[in-house]
Amino acid sequence: DMPFNKRRNVAIGIGLGLAYNRYGQNLFIGEGQNETSIFTVLDANANVDINRLSIATLEAPIELRWRSSNAEKYKFWRLYAGVRIGYSYYYSSTFTQENNKVIQTDISEFQPLSVTPTLSFGFNKINFFASYTLTPFFKDAQTNLGKEVGFKPIKLGFIFYIL
């Protein structure tokens, strides 16, 4: 956090971090003939034990930060808006059902670069958080039904600051 005004309530935040996300899904990711990827939408009646996509990402967040704080005031409003540039260095799709286990770690359509705008705002210790990844996980991928695999996560939640 680097303030750039005299009151120190406007700043830019720059960082570097690791993220690990695991997504439950209704999409079977497998491999067909000639090592081509298969994306099949599973119906609600499919008897599946595990179906998830796990992704480990190196992230570089950049935020513009505004606070209503000063040197004597610790309860204040904050508004942080920014973007996270990510590079996914590991991913794995795991599908298991009775007598069948498929693990995919080489999906040619997987797109390792991501751009995710973020927004957080709130008062004192309780703040709302939202992010939406603009780039889909899979580039030029289609399901067995001919539809685009537009897997882009949205995250909503709360941040609790303990000061």
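These exercises treat ring contacts in a predicted model. Local features need pLDDT of at least 70, side-chain atom pairs count only at pLDDT 80 or more, and totals for chains, interfaces and linings use all residues. Residues are numbered from 1 along each chain as its sequence is written, and side-chain values use heavy atoms, with hydrogens and water left out.

**Exercise 1.** Classify the aromatic pair of Tyr91 and Phe110.

Solution. Rings of Phe, Tyr and Trp (its six-membered ring) pair if their centres lie within 6.5 Å; planes under 30 degrees apart are stacked, over 60 edge-to-face, and the rest tilted. The structure holds 12 such pairs. For Tyr91 and Phe110, the centres are 4.0 Å apart and the planes 20° apart, a stacked pair. Both Tyr91 and Phe110 are buried (under 20% relative accessible area; exposed is over 50%, partly exposed in between, with a 1.4 Å probe and protein chains only).

**Exercise 2.** Classify the pair of Phe128 and Phe158, and state how exposed Phe128 and Phe158 are.

Solution. The centres of Phe128 and Phe158 are 6.1 Å apart and the planes stand at 80°, so this pair is edge-to-face. Phe128 has 29% relative accessibility and is therefore partly exposed. Phe158 reaches a relative accessible area of 57%, so Phe158 is exposed.

**Exercise 3.** Find the rings under the charged ends of Arg65 and Arg78.

Solution. A charge sits over a ring if NZ of Lys or CZ of Arg is within 6 Å of the ring centre and within 35 degrees of the ring normal. Arg65 has its charged end over Tyr80, 4.8 Å from the ring centre. For Arg78 the ring is that of Tyr161, at 3.9 Å from the centre.
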